Amino acid sequence: MTGATRRLTTAQALIAFLARQYTACDGVNHRLIAATWGIFGHGNVAGIGQALLETGPEAMPFHQGRNEQAMVHAAVGYARQSGRLSAHAVTTSIGPGATNLVTGAALATVNHLPVLLLPGDTFATRPADPVLQQLEVPYAGDVSVNDCLRPVSRYFDRVARPEALIPAALNAMGVLADPANTGAVTLALPQDVQAEAYDWPEEFFRERVWPVRSTAVDACELSLAARELAAARRPLIVVGGGVRHARAQGELDALARSTGIPVASTQAGKGALDHDHPQDVGGIGHTGTAAADELARTADVVLGVGTRWTDFTTASATLFAGPDVRFVNLNIRPADAHKMGGRQLVGDARAGLAALHEALKGHRVPAEYEAECARLKGAWERRVDAAYTPASDAARPTQAQVLGALDTLVTGDDILINAAGSLPGDLHQLWRTRSRDQYHVEYGYSCMGYEIPAAVGVALAAPGRPVWALVGDGTYLMNPTEIVTAVQENIPIKVVILQNHGYASIGGLSDAVGGERFGTAYRYRGSAGAYDGAPLPVDLAANAASLGMRVRRAETVRDLREALAWARSADVPTCVYVETETPDTVSGPPPSQAWWDVPVAETATRRSAVTAREEYERHVTARRRHL
């Protein structure tokens, strides 16, 4: 090999390479791989583990995890809070450590968030077969459990020789930094190759900057889209996570204010406009507001910006009911831009919205339509007030009233994290966002157990800001382990545990589809063998305390307000535990404003399922394909 070289193991070379990678956006460079998470076993302790030790924490900071899936969630939380300009790596041993990455990888890829996965792999040289934790595949000697990561990764490579790391690492960085193609990236590392020495070219370790480009939309496509929007009488903008990823909130604000077009948001897009923005009408779809959903039903042109048009957003293709409704889709990914039979605007959300703003200069929606939007928005705000307001400070709070208590306390500095259960629906309908990054609900994969580790990652990316992980008891039991990490690193996350003794969201859905809440309650078995006995004596507050958190219990609304204020001011990891009251029609959140397709048994003997099927068939007739 000609030129200067450096003799390092493959693992040492990889860590040295990662420490010199940067993204560039708006003239500012950002560390691409800002830290590495790890749990060590025989598949990575002598390779990546030794390399991290040798490289040192200044070049590559290290975070010790407790669960492999949770480490990915923490890395994803960090990447989202960093605007996808900076990411974390996650290293595991072979076997169960590696397969535990799959769920987190799927979540990252679904949400277009970058994370670098470095699982150990079985020996490339095969000195003995099988080795510990090797899954033997009789028909393919080169398959390992890491191949499970292929379908959930944007890029996958197995580095079977030291020199193969050079193209693999460069390709990996290119995908991580690509706004249209980012997600989980996996480099499977056989444990013998990790420890093998090689003479690496010094050029491999030079500082590299990967530009994050703002791709302009096609001028012809822009002209046609602007003409369509200008001709609309009842236009609606639907914003998804792409607006936040592209840092396009300012351009969205300018377009909405100048044209008067109302703006509805998906779970990923909520917060792109503050809740009191005159054009913001709240969440859309099955968990949306009455204002947004009513405007969607009567819209004639819908501009989708950075949205994938999931079933929750479209109410399983029943929401946009206008007979001649047309769609214009601004999206950096062509695969998403062509959905809903829409006119395509392929490009960056920020560049595209700025261009639309310029093309629609002087245009404004009809005055009567603007007045209607304001009336619907005002009516919904009054419903939020009703859901947030308790009958008495001495009462046990409902889940909505927990949000109401938090609503009175937070500022734009606070960040709220949630992912699963009934909370995403309540938050999408009710939460009043106060800043562009306050609302952090992972609903692309809606993964139970995401919230606490993600809060750790978010707090690392936003030091000094109050970070809240809102979890139900079901979610808490799935993945509380990174509380230990927060305690170890003194990361002052605030965990709010809402105890409702089971899977409340799925229990409600089970009721609606004729399942009679089967298998959804956390209770002892009753006399007939069903889970309908007394609630289980599980003390989650004591559990959180045993993991090192400082905990306060809240039995009443008054207790809750005091506990939340205490947690917000704390500079150590804290937990507020509250047993919630089952909501009634007055104190609970408003019912769903749009349908969601969950198939119901076509034939059944129980009356609940028969009735649910009748209701299902009534709704399903409204489904349509937008072509």
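How many salt bridges does the count come to? The count comes to 32, taking a salt bridge as a side-chain nitrogen of Lys or Arg within 4 Å of a carboxyl oxygen of Asp or Glu. The model is predicted: local features need pLDDT of at least 70, side-chain atom pairs count only at pLDDT 80 or more, and totals for chains, interfaces and linings use all residues. Residues are numbered from 1 along each chain as its sequence is written, and side-chain values use heavy atoms, with hydrogens and water left out.

Start with the salt bridge between arginine 343 and glutamate 228. Their side chains meet at 3.0 Å, N to O. Arginine 343 lies in strand β17 (residues 343-346) and glutamate 228 in helix α8 (residues 219-231), so the pair ties together parts that are 115 residues apart in sequence. Helices (H or I, at least four residues) and strands (E, at least two) are DSSP runs, numbered from the N terminus. Arginine 343 counts as partly exposed, because its relative accessibility is 33%. Glutamate 228 is buried, at 14%. The cut-offs are under 20% relative accessible area for buried, over 50% for exposed, and in between for partly exposed (1.4 Å probe, protein chains only).

A salt bridge also joins arginine 233 and glutamate 368, at 3.6 Å, N to O. Arginine 233 sits in the loop between α8 and β12 (235-239), and glutamate 368 in helix α15 (residues 367-388), so this pair ties together parts 135 residues apart in sequence. Glutamate 368 counts as exposed, because its relative accessibility is 53%.

Next, take aspartate 336 and lysine 339. Their side chains form a salt bridge of 2.7 Å, N to O. Is aspartate 336 buried or exposed? Aspartate 336 counts as buried, because its relative accessibility is 3%. Lysine 339 is partly exposed, at 27%.

Salt bridges also form a network. Glu381, Asp385, Asp407, Arg432 and Arg434 are its linked residues. A charge sits over a ring if NZ of Lys or CZ of Arg is within 6 Å of the ring centre and within 35 degrees of the ring normal.

Now the rings themselves. How many aromatic pairs does a search of the whole structure find? The search finds twelve. Rings of Phe, Tyr and Trp (its six-membered ring) pair if their centres lie within 6.5 Å; planes under 30 degrees apart count as stacked, over 60 as edge-to-face and the rest as tilted. Among the pairs found in the search, tryptophan 309 and phenylalanine 327 are edge-to-face, 5.6 Å centre to centre, with 80° between the planes. The pair links distant parts of the chain, 18 residues apart: tryptophan 309 in the loop between β15 (301-305) and α12 (311-314), phenylalanine 327 in strand β16 (residues 326-331). Both tryptophan 309 and phenylalanine 327 are buried.

Tyrosine 503 and tyrosine 522 also pair edge-to-face, at 5.0 Å centre to centre and 75° between the planes. Tyrosine 503 is in the loop between β21 (494-499) and α21 (504-512), and tyrosine 522 in the loop between α21 and α22 (540-546), 19 residues apart. Tyrosine 503 is partly exposed, at 30% relative accessible area. Tyrosine 522 is buried, at 16%.

Ring pairs also build a cluster of Phe17, Tyr198, Trp200, Phe204 and Phe205. The charged end of arginine 6 sits over the ring of phenylalanine 205, 4.4 Å from its centre.

Turn to helix α5 (residues 102-110). Which parts do its buried residues pack against? They pack against α3 (68-81), β7 (115-121) and β9 (184-190), with contact meaning heavy atoms within 4.5 Å. The buried residues of α5 are Gly104, Ala105, Ala106, Leu107, Ala108 and Thr109. Histidine 112 follows α5, and its phi is positive, near 55°.

Finally, helix α24 (residues 607-620) holds glutamate 614. Glutamate 614 is partly exposed, with a relative accessible area of 45%. Its C-alpha atom is separated by 9.2 Å from that of valine 600, 14 residues apart along the chain.
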